[in-house]
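Biologist: I would like a close look at one part of this model. Please keep it brisk.

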Amino acid sequence: MTREMLRAKVHRITVTECDVEYEGSLTLDRDLMDACDMHAFERIDVYDVDNANRFSTYLIEGPRGSGACCVNGAAARLVAVGHKVIVAAYAAIDESEIGKHLPKVVLVDERNRIQAVKNHEGAGVKVGAA
């Protein structure tokens, strides 16, 4: 049996653009994609911290170092520029591997620059806590 487990996420990234006219997807800075081992066209879930909207889409590679987090297509109506979102990717992990599985968690600053890359989260740890 396999279980769906968090594989990677970018935590509380700021939406930099919303483009309803684009065909779809989410454009993400290539540096952020590399930091959490996400790939173009990979399915992601997006959670809007500001309004609680949630949706699934896929990634498009954005320019390195740009801090880009552009929500495209219909999903652009679910968020707004300046909103904080969580971009998460999941993987099917065999039960025998669950104890060894560690997700990549990328923390960013207000300009969407990488502040830390972790492989764990702690219960009760608040945003901005060490």
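Which strands form the open sheet, and in what order?

Modeller: First, a caution: this is a predicted model. The open sheet is built from nine strands. Their order is β2-β6-β3-β5-β4-β7-β1-β8-β9, and the pairing is mixed. At the edges sit β2 (17–19) and β9, each of which pairs on one side only. From one strand to the next, the twist averages 30°.

Strand β8 covers residues 104–108, and strand β9 covers residues 114–118. The two run antiparallel and are joined by four bridges. Val105 has Lys118 of β9 as its bridge partner. Together β8 and β9 make a hairpin, with five residues between them. Asn112 lies in that turn and has a positive phi of about 65°.

Now take another pair in the order. Strand β4 spans residues 43–48, and strand β5 spans residues 54–62. Five bridges link β4 and β5, again in the antiparallel sense. Here Val46 has Phe55 of β5 as its bridge partner.

Next, the cysteines. The structure has zero disulfides. Cys36 is in none: its nearest cysteine sulfur belongs to Cys69, 11 Å away. The cut-off for a disulfide is a sulfur pair within 2.5 Å. Cys36 counts as buried because its relative accessibility is 0%. Cys70 is in no disulfide either; for Cys70 the nearest cysteine sulfur is that of Cys18, 6.8 Å away. Cys70 is also buried, with a relative accessible area of 6%.

Definitions and conventions
Residues numbered from 1 in each chain as written. Predicted model: local features only at pLDDT ≥ 70, side-chain atom pairs only at ≥ 80, totals over all residues. Heavy atoms only, no water. Buried < 20%, exposed > 50% of the residue type's maximum accessible area, 1.4 Å probe, protein only. Pairing = 2+ DSSP bridges. Axes fitted to C-alpha atoms, helices over the stretch in contact; angles between N-to-C directions.
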